[in-house]
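Hi,

Here is the structure I promised to pass on to you.

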Amino acid sequence: MTTEMQDIAITEEKPLLPGQPNPAKDAEAAARILLDQGQEHSIETPHGLLHVTLHGTSNTRRPAILTFHDVGLDSKSCFSPLFKFEEMQEIVKNFTLVHIDAPGQEEGAATYPMGYQYPSMEQIAEMIPAVQTYFNFRTVIGVGVGAGAYILSRFTMAHPDSVEGLVLINIDPQARGWMDWAAQKVTEEMSANADLVKSHRDRISKAPNLINIELFWRGYNSRRDLIIDRTSNFKCPVMLVVGDQAPYEEAAVECNSKLDPTTTSFLKMADAGGLPQLTQPSKLTEAFKYFIQGMGYMASSVMTRLSRSRTTSLSSSYSMEGERERSRTLSQSSQGGQMPPSPSHTMEVSC
């Protein structure tokens, strides 16, 4: 017995002295910084290079959340307030996040030379499979705003097996002239937060690649119509998002009417202006969470503090056999409400 006890080596763990480095904490801090800033990649595609920022790891069995921004923005200015929002972190830590910048739109991009042939919206959509291949993602959940919503729609139509879900903010399937685009932007600015409008004006006015922004803008405004009908287009759940009385509201409502109501959610947000992902990140985060839960992910996730503090008014219709009807309306009071995971409903959120 004595011999056995002598063979056991007992190591005393001494506490670190003040100022002494802690390798474990340093590694954790470095990983947190890398996760926050993301890993930047330049990916070769059939139509040129794409700047892509990856947050998290590409080794996951879940679909990646893949975003695409609007004209006049880049991935950071379009999505950082949403995906860095406190309540969104519950989602971010469970999925790989991939931000795509349209060609030449990333921060610090070199200006294209005079006469450069900028890719069409269809060609940009054709660049996305190269991103999937590069990171070895089997499927994605797409989140697009404006031009980005159009591009991701094109990608989903061409590659339905690659997309598990689609969130389209300010989608406009119809091609419009530049006068229509300008009128929409003016209306958007008048209805949006004044500080937000000023920040975007400053960003665009100081952007070193205004030529690149104009090329993207011209490409979007010369796009072809999206031919949408409920029988032959999106094979995945879709959530349409638009601000109440925003310039894209009518187009989003029309798009909603053409999609399959059993797999489509329509979220109309009050006081959101033309940029709901920036002006109402809390409401959009909650809707996105329940959208993902409706797809079968994060089923055991607890409700956010935002949800627990709200009251709900829900009107549902069911047939005698207990089958859910094709349409359901969720109305929230001025304090908001919970959003169920089923994708077959329309939501009007008041702030």
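Let's start with a hairpin: strands S1 and S2 are joined by one, through two residues. Helices (H or I, at least four residues) and strands (E, at least two) are DSSP runs, numbered from the N terminus. S1 covers residues 39-45 and S2 covers residues 48-55; they run antiparallel, with seven bridges between them. Two strands count as paired if DSSP finds at least two bridges between them. Across this pair, histidine 41 stands opposite valine 52 in S2.

Before you go further, some housekeeping. This is a predicted model, where local features need pLDDT of at least 70 and side-chain atom pairs count only at pLDDT 80 or more, while totals for chains, interfaces and linings use all residues. Residues are numbered from 1 along each chain as its sequence is written, and side-chain values use heavy atoms, with hydrogens and water left out.

Now the overall picture. The protein chain has 14 helices and 11 strands. Among contacts (heavy atoms within 4.5 Å) with a separation of 6 or more, 73% are between residues 24 or more positions apart.

My next stop was strand S5, residues 140-145. Six of its six residues are buried, so S5 is largely enclosed by the rest of the structure. In a regular strand the side chains alternate between the two faces of the sheet. In S5 both faces are covered: Val140, Gly142 and Gly144 are buried on one side, and Ile141, Val143 and Val145 on the other. S5 runs parallel to strand S3 (residues 64-68), with five bridges joining them, and leucine 66 stands opposite glycine 142. S5 also runs parallel to strand S6 (residues 163-169), this time with six bridges; there, valine 140 has valine 163 as its bridge partner.

Which residues does glycine 142 touch, leaving out those up to four places away in sequence? They are Leu66, Leu152, Gly165, Leu166 and Val167. Glycine 142 counts as buried because its relative accessibility is 3%. Valine 98 is 44 residues from glycine 142 in sequence, and their C-alpha atoms are 9.6 Å apart.

On to the helices. Two packed helices are described by the angle between their axes and the distance between the axes. Axes here are lines fitted to C-alpha atoms, for helices over the stretch in contact, and angles run from 0 to 180 degrees between N-to-C directions. H6 (residues 128-135) and H7 (residues 147-158) have axes that come within 10 Å and cross at roughly 75°. H6 and H7 are therefore roughly perpendicular (65 to 115 degrees; under 35 is roughly parallel, over 145 roughly antiparallel and the rest oblique). Ile128, Pro129 and Gln132 of H6 meet Ile151, Leu152 and Phe155 of H7.

H3 (residues 75-83) and H13 (residues 281-294) also cross at roughly 75°, with axes coming within 9 Å. That makes H3 roughly perpendicular to H13. Here Pro81, Leu82 and Phe83 of H3 contact Pro281, Leu284, Thr285 and Phe288 of H13.

Last, how many disulfides are there? The count is zero, taking a disulfide as a pair of cysteine sulfur atoms within 2.5 Å. Cysteine 78 is buried at 0% relative accessible area, and cysteine 236 is buried at 4%.

Cheers

Key: Buried means under 20% relative accessible area, exposed over 50%, partly exposed in between (1.4 Å probe, protein chains only).
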